[in-house]
Amino acid sequence: MIEPHPLRVVLAKVGLDGHDRGIKIVARALRDAGMQVIYAGLWLTPEAVVRTVAEEDADWLGLSLLSGAHMTLVPRVLQLLREAGLEHVGVIVGGIIPENDIPKLLEMGVARVFGPGTPLPEIVSFLREHSGASHA
Amino acid sequence: MLKTLLERFHRRDRLALARLVSMVARGERVEEILAGVGEPASGAASAPRGPARVIAFTGSGGVGKSTLIGKLIEQVRAEGQSVAVLACDPQSPLSGGALLGDRFRMPVRPDDEGVFIRSLAAAGGHGALAEHLADLIRLLEAFGFDVVLIETVGAGQGDTEVRELVDVLVLLLQPETGDDLQWEKAGLLEVADVIALHKADLPGAERIEAQVRATLALGVSAGLSAASPVAVLRISSRSGEGIKELWQILAARPLRRGRRTSGRDLLRLAQQMLAARFAVAEAAGQSELQQLLAAWQQGEIASTQAALALVNLLISAPFQQV
């Protein structure tokens, strides 16, 4: 008897990276697709991001990195999510990610990496298709 | 499933709290949840607590509600009290989507368990409140938070419904928010318990303070608001001016909520219970309900008569299990 409810997506930038144009565009697209977007902001630590995901009861976490520190910060976030009992939360990554690193990130547990130029509907439909049946 | 969640809630599991907040915010099994959190199992870690101090912040968009709440979190934590924040942002009436961006301005130490911040999407037409706000407050109170801070969407004029749900309502104003005729309009100034003139480091703060005080004085001279004087003070989150004083005022106000004085509180509870029963019966396709609705839709009975029949149906025995 659980009715479908909107997806809750936390979007965040971790580490020393002030480029937030892309993540704001993604935030708008997901909002317009009927999702509840929690914009957690810039310069966050992995700990702060995971705390936000926990308190917001998010279905998805979107991380944006243009700093080159993704091979350090993303695994740290994934590890903290597991330690917090949040392994059910899907993680997507966007930003400047060299092609060689994408398979490594996927292996670690990232659901998908969206690079520059990704059509916004592609992100929306990916989240919809890979969420449980209880979501609108 | 719900039983496990409630057990975890009583062990003070924050993920369970977060999930229960989601369910209550969606109106899912609210009565069961509130009944469950109210009665901790024997040997549970959560001890019965006193009522929380519930403070709401309203004011137009951009006046600094989130930033001020961020500052007050520091203040409350410095006194060793725990605090939960419900931050409401608007939901699109078109897509149902929302961009919730308040917690960005409320930095918290990542390992501080004494703080819980939750963003809520507020649909239109509810006095700028997220639905089920009263139930969410009860949930956070049961978890043991000493203070609950509520950020409204900040619709501005007429956003007064929140007053009935909280202990203290703070109205935020800032310099250059209009001339003194604005304050004569019915609405916000009438219902605020505390008026905080934010961004007092900007030019024009003295003038707005003078305008607000003059407007309030008109009410006093007419004998209207003498019962509980409204506190007015200038504050600045940037410079820190007045933040401590504001918290002292908020902490000293008598708790208004839950004093069982207003019959409207009881009426609201009754309305919620009827609505919950209706939702369940409708989803289950309950036959008597369907017959009544069909008769009404086809014009066989008048609307007022059908409404009375509906109330009688919802309070009848088969519906009490809901």
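**Two chains, term by term**

Mentor: In chain A, 75% of the contacts with a separation of 6 or more are between residues 24 or more positions apart. This is a predicted model.

Trainee: What makes two residues count as being in contact?

Mentor: Their C-beta atoms, placed from the backbone, lie within 7 Å.

Trainee: How do you know whether chain A agrees with a compact globule?

Mentor: Set the value against the rule. With 136 residues, a compact globule would have a radius of gyration near 14 Å. Chain A has 14 Å, so the value agrees. The C-alpha atoms of chain A fill a box of roughly 45 × 35 × 25 Å along the principal axes. Buried residues make up 46% of the chain.

Trainee: Why is Lys104(A) called partly exposed?

Mentor: Count the other C-beta atoms within 10 Å. Buried needs 20 or more, and exposed needs 12 or fewer. Lys104(A) has 15, so Lys104(A) is partly exposed. Lys104(A) is found in helix α4 of chain A, residues 101-108. Its C-alpha atom is 21 Å from that of Leu11(A), 93 residues away along the chain.

Trainee: What pattern do the helices and strands of chain A follow?

Mentor: Chain A has five helices and five strands. Along the sequence they read β-α-β-α-β-α-β-α-β-α.

Trainee: How do you know that β2(B) and β4(B) pair?

Mentor: Pairing takes at least two bridges. Strand β2 of chain B, residues 83-90, has eight to β4(B), so the two strands pair, and they run parallel. Val83(B) stands opposite Val115(B) in β4(B).

Trainee: What makes β4 and β8 of chain B edge strands?

Mentor: Start with the order. The open sheet of seven strands reads β4-β2-β5-β1-β6-β7-β8 in chain B, with parallel pairing. β4 (115-122) and β8 (231-234) each have a single partner strand, so one side of each is left without a neighbour in the sheet. The twist averages 20° from one strand to the next.

Trainee: How do you know that β2 of chain A pairs with β3(B)?

Mentor: Same test: at least two bridges. Strand β2 of chain A, residues 36-44, and β3(B) share three, in the parallel sense. Val37(A) stands opposite Leu99(B) in β3(B).

Trainee: What else touches between the chains? How many residues are in contact?

Mentor: 25 residues of chain B are in contact with 27 residues of chain A. On the chain B side, α2(B) gives the largest share, six residues. That side divides into twelve nonpolar, seven polar and six charged residues.

Conventions:
Residues numbered from 1 in each chain as written. Chains lettered and ligands numbered in written order. Predicted model: local features only at pLDDT ≥ 70, side-chain atom pairs only at ≥ 80, totals over all residues. Helix = DSSP H or I, 4+ residues; strand = E, 2+ residues; numbered from the N terminus. Rg over C-alpha atoms; globule rule 2.2 N^0.38 Å. Axes fitted to C-alpha atoms, helices over the stretch in contact; angles between N-to-C directions. Nonpolar A, V, L, I, M, F, W, Y, C, P; charged D, E, K, R; others polar.
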